[in-house]
Amino acid sequence: MDGLHYEAFSKEQKIEIGEQWLKRYQAWRYLVDPVFWGHEHVSASQPALWVGNHSMMAFADASLMVSELYQRHGIVLRSLAQHLHFKVPVWKKWLINNGAVDGTRENCQAMMAGQEHILVYPGGGGEVMKRKGEQHQLRWKNRTGFARMAIENNYPIQPFAAVGADDCWDILYDNNQFKKTRVGQWLTEHLAIKAEEFPPILKGLGPTLLPKPQRMYFQFFPLVYPQDFQHFPIEEGALALRYHVEQIVHKGIQELLAYRKTDPYQQFSARLLHKIHT
């Protein structure tokens, strides 16, 4: 397997991957102590296209979500990743071993035919390269690819929202600032590089890039069935479905942010004291 094309995993392979997730992310889960709502909307027997918001460093929250779904439901999410990821040798191998494939229409079609639970972030790189003040914001623009694939393949969408990972790092310097520099202007003018593609300079725990142990919150929503949008012309239907899912995710983010303000165990110190006393 070259990592760019989808290949189905056997039941044994999926169990191996899931068990690795549980072991690998155990310490991170202990530090973060994530909160999940909406498990009643999740079913391993109903494959779906999982659509939600992308954090600055997705592994911080995605690692918790994939291990939770495996532990609670036996689901092994297969993610659609950007092609650029597979150009980095070590990172490419790690992605492949964790079930990721190149995010092409052909791979998405094949995964749907294989009845996989598929993870996709419509915001892609644009949502990763957040600027100051854009934490927990959606930047989906007019992308309708995931909605079109859902309609064409009659594949349910499982919306989800996640809050917390964007607060594991502080943005010291973002691409909005970079594009105003001489280097940024030269790169955008001569190499046709979009300013929004420049990654922000981040700081995590202390002076390091280690993530701060912010508590994370997740919400899973009822399935959205694409047949409700199939009576429209495909472009119109895909746009309507895309906006419908975006509204669900956006509302979920706002609800999680509101809950976080009332959570007595949001801070790591409060969680640690609670664990000690219980």
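Modeller: Buried means under 20% relative accessible area, exposed means over 50%, and partly exposed lies in between, with a 1.4 Å probe and protein chains only. A word on the source: this is a predicted model, where local features need pLDDT of at least 70 and side-chain atom pairs count only at pLDDT 80 or more, while totals for chains, interfaces and linings use all residues. Residues are numbered from 1 along each chain as its sequence is written, and side-chain values use heavy atoms, with hydrogens and water left out.

Biologist: Why is Cys108 called buried?

Modeller: Cys108 has a relative accessibility of 5%, so it counts as buried.

Biologist: How many disulfides does a search of the whole structure find?

Modeller: The search finds zero disulfides. The test asks for a pair of cysteine sulfur atoms within 2.5 Å. A disulfide is a covalent bond between the sulfur atoms of two cysteines.

Biologist: What makes Lys141 partly exposed?

Modeller: Its relative accessibility is 46%, and therefore Lys141 counts as partly exposed. Lys141 sits in the loop between α6 (124-128) and α7 (145-153). Its phi is near 50°, a positive value in a residue other than glycine. The element names come from DSSP runs, numbered from the N terminus: helices are H or I with at least four residues, and strands are E with at least two.

Biologist: Why is Asn154 called partly exposed?

Modeller: Asn154 has a relative accessible area of 42%, so it is partly exposed. Asn154 lies in the loop between α7 and β6, and has a positive phi of about 50° although it is not a glycine.

Biologist: Why does Leu241 count as buried?

Modeller: Because its relative accessibility is 0%, Leu241 counts as buried. Leu241 belongs to helix α10 (residues 234-262). Not counting residues up to four places away in sequence, Leu241 touches Ala147, Ala150, Ile151, Ile157, Val224, Pro226 and Phe229, where contact means heavy atoms within 4.5 Å. Pro226 is 15 residues from Leu241 in sequence, and their C-alpha atoms are 7.3 Å apart.

Biologist: How do you know that β1 and β9 pair?

Modeller: Two strands pair if DSSP finds at least two bridges between them. Strand β1 (residues 35-37) and β9 share three bridges in the parallel sense, with Phe36 opposite Phe218 in β9. Strand β6 (residues 157-163) is joined to β9 by four bridges and the two run antiparallel; here Val163 stands opposite Tyr217.

Biologist: Which residues cover the faces of strand β9?

Modeller: In β9 (residues 217-220), Tyr217 and Gln219 are on one side and Phe218 and Phe220 on the other, and all are buried.

Biologist: What joins β3 to β5?

Modeller: Two bridges join strand β3 (residues 78-81) to strand β5 (residues 118-120), which run parallel, and Ser79 stands opposite Leu119. Two bridges also join β3 to strand β4 (residues 101-102), again parallel, with Ala81 opposite Asp102.

Biologist: How do the residues lining the second largest pocket divide?

Modeller: They divide into eleven nonpolar, one polar and one charged. Ala, Val, Leu, Ile, Met, Phe, Trp, Tyr, Cys and Pro count as nonpolar, Asp, Glu, Lys and Arg as charged, and the others, Gly among them, as polar.
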